Amino acid sequence: MALNLKQELSSPGGLVKLLIKYNTILIFVLLVVFSAIISDVFFTSVNLSNLLKQVSGIGIISIGMLIVILTGGIDLSVGSMVALLAVTFAILVNSVILPVAIIATIVIGFALGSVAGYLVAFQKMAPFIATLALMTVARGLAFIYAKGSPITFNTAGGEFMSNFANNSFLGIPNIAIVFFLIVIIAMVVLRYNVFGRLIIAMGSNEDASRLSGIKVNKYKFLVYAISGSLAAVAAVIVASRTNLGSPNMGMAWELDAIAAVVIGGASLNGGKGTVINTLMGVLILGLIGNILNLLNVPSYPQQVVKGAIIIFAVLLQRFEGK
Amino acid sequence: MQNSNSEYRVEMTGISKSFGVVSVLENVNLKVRPGEIHALLGENGAGKSTLVKILSGVHQKDSGKVLLDGKEITPKNTHDGQVLGISVVYQELSLVNDLSVAENIYLHKLGASKFWMNWKELINDAQELIQSLGFDIDPKAIVRDLSIVQKQVVEIAKALSEDTKVLILDEPTTVFDPTDIQKLFNNLFRLKKEGISIIYISHHLEEIFKIADSITVLKDGVDTGSMPTSEIDTDGVIRLMIGRELKDLYPERTATIGSEPIFEVRNLSGKYNLVHDVSFSVRPGEVLGIAGLGGSGRTETAKLIFGEFAKKSGELILNGEKINTKSPVQAVGHQIGFVSEDRKEEGVFLPLSIRKNISVTSFDPISDKFGFINTDVEYENVQSLIKKLNIKTPSSEVDVKNLSGGNQQKVALAKWLSIDSEVILIDEPTRGVDVGAKVEIYNLINEVAEKGVGIIVISSDMPEIMGIADRILVMHEGTIYGELSKEEFSEENILRYSIGEPLKVTV
């Protein structure tokens, strides 16, 4: 990495190229500077800690979304999965010991993701359709199991999780630490692991992958299962933050996750995208919301601004590679 | 033409063009008379495509002058070019897969003239145009369902659908078999008589000498000469193209061929294609050629062996043991490699680096049990392959899309050399590859054979297959019609078997 950077800097026009290549980081830095200038509350630890807590849930599912998008697929079910799995976790935490509840939720997430993976990889269903169907199924199941209303944690295990989710370690919210750990693992896997290499290869050219003897179906299956597992982790975190599991959680989160991945420069055709840029995408989206809140902009105009910034970010990426 | 007295139809003088810091063309001249077939030659990356793209309006020149019938033109896009009467058939097909043949041919007119389309007229016109080219394709057929040869014909028909003054053909025959090539040539001669200027880009020097009136050679973005075809021979052209003598295109075969077959195919038939009862064997160190016309089932046979297509029946025997290849995964597991004829779609990963392309087949030896890659070993392996194959690149981190066709093909091959393949199937080893890289690829095939690998080469290029194979099987209508030993190699014999005729008996 360091070597690459040096090489790129020393090539003609290197600095400009670098800035374009890492434009999401640039946008992020600009937004931070801008936020710091217009609001004196922005750089307080309370605000930053809130910001990190807010983005962690969506951040975690965005990493799953990135992995799916890298293969050229998409996972629309993650938002509803968060709701279903948050309800599941709330039920479990009230009935079994905490470690079992956490592990069982993640296993169920893996299983739900596997359904999408099976439909896409082995039944050749279009990812958009398969996960769209699962999206409504998961949301429906969440309401059924929760009987329409949120399920509050009422055990010691639940209390422990609630404390964990709302506390910090060395000033960083615990749930943000979980998010960052997942980011680091994903970075390492995508860069140094065969799994990462192969899903990027598949996304950039599925025919060539198959003809190189890659088990294309296995990896397709796995990315959705991983996305489901990450939705489970996100569900545990968001449920713990609010001390309850509600079927209304994760509403439209799949769209925020897709937006974060796309702002991060990933191609919906697959094969292109990095974890660090997706992280920037998540933080950019979070920052926009945060600064608009600090400026007391009501929520409807916020949506307009958010959309406009997504368009701007993606337009900027068109300079890349030119 | 009528309003000028210029000797030349096209006159490009002092053309220079660079992309960023890379200078592609420097002070290049190209002059083409009306009713002339003018060959544009040069290795891949010499700037031929860029030059014609400047003429047709895809690219804009940095400096120089372009005259059409003595008048300066500056086409800003391909539409401008078309209006001026400059039509191009590109190397990469540019058809819309989901539309019909007729719609594709008249795509530029659809929507331009009237609100409603006259389907009947459209289809009739398309039918006439295709028939005038001597081919038979249903104008209502959807392009997706056509063979690659038919697509190329549609592409040519599309180029001729307007009043064309200059027709540019970029490697038009790479997908054609000899009979189709002859048809294409007849058409070119007809168009030439009609006064159309034809700029013909090809790597096939035999073709050039058959049809071209004059030649312009480019080397590294500079034109090294223009002359009538009659004043130069193949060796002379090659000298101009690569700047050195090319004693022998096809290397001496040095591999010692084993006695027992390494790989055998018995009664192979496809479930969903025309391939039936194909049987043959290949010995270690042997280069087995498979010839035949387009559509005779050569590629399908290779893909059946490789597990890409479903088999109906048949046995594969590797090193005396029966193997099963239900998928490419299994084939690769048995150390069988396959290099596709369709490099860009099936061979390489264009947006990925050379390193990532090459290691995609060979993670097992360089990763631990959790799949973490030892990148130092990976770099070393890739570096040594880049060196061995003489892939021209500043580093292993360059994206494959930025390499020339020849170097891309080497990357596609490298993938199978990085693992110890026992059998390698190579479909069209040098399609769209320049002369210099061709020789390197032939040498490479030779070297790999020396290691005792069984190599099966499919090729439409007859001199090539005769030059590199030890034995040639000729396919006709889905099965092997005949086998030629080295003494029997000739274009005529291959062609006879290809069309299902016996060889002439010589007493």
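How many of the eight residues of helix α9 (residues 298-305) of chain B are buried? I started my notes with that one, keeping in mind that this is a predicted model.

**Entry 1: helix α9 of chain B**
I counted seven buried residues out of eight, so α9(B) is largely enclosed by the rest of the structure. The buried ones are R298(B), T299(B), T301(B), A302(B), K303(B), L304(B) and I305(B). For this I took buried as under 20% relative accessible area. I also looked at what follows the helix: G307(B) comes after α9(B), and its phi is positive, near 85 degrees.

**Entry 2: the sheet in chain B**
Next I traced an open sheet of six strands in chain B, and noted the order β16-β17-β18-β13-β19-β20 with mixed pairing. At the edges I found β16 (336-339) and β20 (479-485) of chain B, each of which pairs on one side only. Ignoring direction, neighbouring strands here are turned against each other by 20 degrees on average.

A reminder to myself: strands of a sheet pair through backbone hydrogen bonds, either parallel or antiparallel. I then picked out one pair, β13 (residues 287-292) and β18 (residues 454-458) of chain B, which run in the parallel sense over four bridges. In β18(B), I458(B) is the bridge partner of I290(B).

I looked for a helix on this sheet too, and there is α15 (residues 435-450) of chain B, which touches β13, β17 (423-427) and β18 of chain B. The direction of α15(B) makes about 150 degrees with that of β18(B).

**Entry 3: two helices in chain A**
How do α10 (residues 194-204) and α12 (residues 216-242) of chain A pack, and at what angle? I read an angle of about 105 degrees, with the axes 10 Å apart. That makes α10(A) roughly perpendicular to α12(A), because the range for that label is 65 to 115 degrees.

From α10(A), the contact uses F195(A), L198(A), I199(A) and M202(A). From α12(A), V216(A), Y219(A), K220(A), L222(A), V223(A) and I226(A) take part. I sorted the contact residues into nine nonpolar, no polar and one charged.

**Entry 4: where the chains meet**
Last, I turned to the interface. I find 30 residues of chain B in contact with 21 residues of chain A. The area buried between the two chains is about 2100 Å², and carbon and sulfur atoms give 63% of that. Which residues of chain B lose the most area to chain A? They are V329(B), F349(B) and F372(B), together 24% of what that side buries.

Note on methods:
Residues are numbered from 1 along each chain as its sequence is written. Chains are lettered from A and ligands numbered from 1 in the order in which they are written. This is a predicted model: local features need pLDDT of at least 70, side-chain atom pairs count only at pLDDT 80 or more; totals for chains, interfaces and linings use all residues. Side-chain values use heavy atoms; hydrogens and water are left out. Axes are lines fitted to C-alpha atoms, for helices over the stretch in contact, and angles run from 0 to 180 degrees between N-to-C directions. Angles under 35 degrees count as roughly parallel, over 145 as roughly antiparallel, 65 to 115 as roughly perpendicular and the rest as oblique. Contact means heavy atoms within 4.5 Å. Ala, Val, Leu, Ile, Met, Phe, Trp, Tyr, Cys and Pro count as nonpolar, Asp, Glu, Lys and Arg as charged, and the others, Gly among them, as polar. Buried means under 20% relative accessible area, exposed over 50%, partly exposed in between (1.4 Å probe, protein chains only). Two strands pair if DSSP finds at least two bridges between them. Buried area is the accessible area (1.4 Å probe) that two parts lose on being put together, summed over both.
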